[in-house]
Amino acid sequence: MAGYQGLFEGLLLKNEASVSINGNWVNSSSVTDMVGNNPAPLDDLSFVHKLIVSNSNQVVFEKCWLD
């Protein structure tokens, strides 16, 4: 499953993926990228990243990771 998620992420961010929400195709989207300090760092992972792809207040894709 992780392989399919990575493939989808790559296609979505390159505008090569087709997505529908409640049967309606998403024709455009907005991307929000947030970076902050991790209040409780794990090893050398001191930053938190959050990526949100949305369309008209509907979240199409969301991901959070440590760096």
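How many bridges join strand 3 to strand 4? Nine bridges join strand 3 to strand 4, which covers residues 45-55, and the two run antiparallel. Strands here are DSSP runs of E with at least two residues, numbered from the N terminus, and two strands pair if DSSP finds at least two bridges between them.

The model is predicted, with local features needing pLDDT of at least 70 and side-chain atom pairs counting only at pLDDT 80 or more, while totals for chains, interfaces and linings use all residues. Residues are numbered from 1 along each chain as its sequence is written, and side-chain values use heavy atoms, leaving out hydrogens and water.

Strands of a sheet pair through backbone hydrogen bonds, either parallel or antiparallel. In this model an open sheet of three strands has the order 3-4-5, and its pairing is antiparallel. Strand 3 (30-42) and strand 5 (58-66) are the edge strands, each pairing on one side only. From one strand to the next the twist averages 15°; for such angles, axes are lines fitted to C-alpha atoms, and values run from 0 to 180 degrees between N-to-C directions. Across from Phe47 in strand 4 stands Asn37.

The loop between strand 4 and strand 5 holds Ser56 and also Asn57. Ser56 is not a glycine, yet has a positive phi of about 50°. Asn57, likewise not a glycine, has a positive phi of about 65°. Are these residues buried or exposed? Ser56 counts as exposed because its relative accessibility is 64%, and Asn57 is exposed at a relative accessible area of 82%. Buried means under 20% relative accessible area, exposed means over 50%, and partly exposed lies in between, using a 1.4 Å probe and protein chains only.

In soluble globular proteins, nonpolar side chains tend to be buried together. The largest nonpolar core here has seven residues: Leu12, Val19, Ile21, Leu51, Val53, Val60 and Phe61. Strand 4 and strand 5 are the elements that give two or more residues to this core. Such a core is a set of buried Ala, Val, Leu, Ile, Met, Phe, Trp, Tyr and Cys residues joined through side-chain atoms within 4.5 Å. Leaving aside residues up to four places away in sequence, Phe61 touches Phe8, Glu9, Leu12, Leu51, Ile52 and Val53, where contact means heavy atoms within 4.5 Å.

One further side-chain feature involves Lys63, whose charged end sits over the ring of Trp65, 5.9 Å from its centre. The rule asks for NZ of Lys or CZ of Arg within 6 Å of the ring centre and within 35 degrees of the ring normal.

Definitions and conventions: Helix = DSSP H or I, 4+ residues; strand = E, 2+ residues; numbered from the N terminus.
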